[in-house]
Amino acid sequence: MTLAHRLAQAGQGVTLIEAAPHLGGLASAWTLGDVVWDRHYHVTLLSDSHLRAVLSELGLEKDMKWVETRTGFYSDGKLYSMSNSVEFLRFPPLGLIDKLRLGATIFYASRVKDWQRLETIPVAEWLGRLSGRRTLEKIWLPLLRSKLGDNYKKTSAAFIWATIQRLYAARRSGLKKEMFGYVPGGYARVLERYEQVLRDEGVTIRLGQATRRVGRAPAGIEVETGEGTDVFDRVVMTVPAVVAAKVCDGLSSSEKALLEGVQYQGIVCASLLLRRPLAGFYVTNITDSWVPFTGVIEMSALVDRAQFGGHSLVYLPKYVDPSDPTFELGDDQIQEQFLSALERMYSGFGRGDLVSFRVSRVRHVFALPTLGYSRRLPAMDTTIPGVHVVNSTHIVNGTLNVNETVQLAEREARRLLAG
Ligand SMILES: Cc1cc2nc3c(=O)[nH]c(=O)nc-3n(C[C@H](O)[C@H](O)[C@H](O)COP(=O)(O)OP(=O)(O)OC[C@H]3O[C@@H](n4cnc5c(N)ncnc54)[C@H](O)[C@@H]3O)c2cc1C
């Protein structure tokens with residue numbers, strides 16, 4: 001959407017083709033009970049300057065709410081608050097020396113500039129070296145597994161570096177506190193306004209039309225969807241790399257191999273509407289391996305519950321490999337597994353608290369920052385003249401978030417307009 005916006009502003013005729021019946025992709029909204037909110041949990045940081053500038057153009061930035069949130073840690077069957085330095089120093093699973101080394105690791109990572117060197121070191125090896133064996137096993141490995149599963153073994157230290165950089169960026173933005181923000185109405189409101197702005201700029205938006213083939217034709221670039229075939233001067237594919245590899249007709253075998261070689265991590269993410277709050281932590285990290293989800297995000301610890309009809313909104317994400325059998329489970333099976341675990345974790349929680357439960361499944365969410373990742377990156381300009389592929393695989397020294405995505409789109413728009 002941002003790419004379309006910038007190209008249209010520069011006077012280009014733009015058509016946006018989207019497979020889903022609505023805009024927004026991973027950031028799209030859906031209905032849970034009577035509530036319309038994001039399908040996946042989203043938060044904005046004070047340091048998200050590119051996103052905030054777009055929200056400002058949409059006239060929404062001034063409405064943003066900024067909140068100081070708390071963080072929880074579920075470890076050895078107990079829930080701890082880890083929201084400030086005092087609570088960190090009290091945290092029982094680690095001894096004082098371990099904690100000092102853990103704190104020093106995070107501080108050191110925030111100061112490292114040469115992320116390319118980190119791409120050559122496996123993440124667990126780097127963290128073990130800096131934090132020590134006990135902290136690696138007690139804290140880092142469970143956290144790595146929670147986001148990467150067994151794929152953490154293939155992942156480089158650049159992954160944890162980028163995560164820590166994002167957290168520190170918020171502090172560097174001036175305020176020492178970490179403030180999390182959201183637009184009242186959520187991404188549904190942002191996307192509705194953005195769609196209107198694009199239409200006003202003359203962008204043609206075609207929804208529910210999966211692109212089946214993109215290839216060279218005598219008059220330009222042919223794009224085939226279920227609705228027929230159109231010809232454009234240039235085409236930018238902003239779909240996952242695996243989709244681009246499948247759809248682009250005429251790629252060389254080496255560029256196809258690079259696109260197909262990107263290893264993705266997927267997600268099965270449940271949204272729960274509850275009658276009561278759970279524990280009041282925006283994020284609860286989990287180190288106990290029996291828990292079937294990999295974190296607890298209590299959105300209503302950040303967003304005013306009035307936005308959810310007075311209810312609490314909780315997300316239970318499970319990050320998995322695209323081939324993981326969890327993708328084959330039905331909603332009922334996932335609901336049963338997840339609710340049983342919640343009952344075990346939170347003594348105050350009972351099934352009677354549940355108002356609504358919905359599951360989102362996405363196989364290609366983010367590219368794993370594997371060892372030497374940036375050296376195997378697919379080019380943005382394909383060998384088919386006029387066909388470009390730009391997506392989150394090109395975020396090489398950051399984490400997947402809307403701010404990075406917007407920044408990438410703006411950089412690419414400038415490059416396309418100049419070329
Ligand atoms: C669980 C979760 C939590 C997140 N939390 C945050 C957060 O707190 N803060 C934050 O800033 N960001 C967050 N993000 C990241 C954010 O959602 C992404 O950065 C952003 O949505 C990526 O946008 P994109 O356009 O690059 O990709 P996508 O959103 O993946 O968009 C790709 C689009 O391509 C479409 N498509 C696929 N195939 C075809 C085809 N053949 N033809 C036509 N269209 C096709 C898809 O339908 C989709 O709309 C989160 C993401 C997830 C999954």
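Predicted model: local features only at pLDDT ≥ 70, side-chain atom pairs only at ≥ 80, totals over all residues.
Two or more lining residues are given by each of the elements α2 (49-57), α8 (158-172) and α13 (402-418), and among the contributors α8 gives the most, with six residues. When the lining of the second largest pocket is divided by class, ten residues are polar and four are charged, while three are nonpolar.

Packing between helices was examined for α6 and α7. Two packed helices are described by the angle between their axes and the distance between the axes. For helix α6 (residues 123-131) and helix α7 (residues 133-148), the axes come within 8 Å and cross at roughly 145 degrees, and the crossing in which α6 passes α7 is right-handed. On the α6 side the contact is formed by V123, A124, L127, G128 and S131, which meet R133, T135, L136, W140, L141 and L144 of α7. The residues of this contact comprise seven nonpolar, three polar and one charged.

At the level of the whole protein chain, the secondary structure comes to 13 helices and 19 strands. The C-alpha atoms fill a box of roughly 70 × 50 × 45 Å when taken along the principal axes. The radius of gyration of the protein chain is 22 Å, which agrees with the value near 22 Å that a compact globule with 419 residues would have.

Terms used:
Residues numbered from 1 in each chain as written. Heavy atoms only, no water. Helix = DSSP H or I, 4+ residues; strand = E, 2+ residues; numbered from the N terminus. Nonpolar A, V, L, I, M, F, W, Y, C, P; charged D, E, K, R; others polar. Axes fitted to C-alpha atoms, helices over the stretch in contact; angles between N-to-C directions. Left-handed = near helix turned anticlockwise from the far one by under 90°. Contact = heavy atoms within 4.5 Å. Rg over C-alpha atoms; globule rule 2.2 N^0.38 Å.
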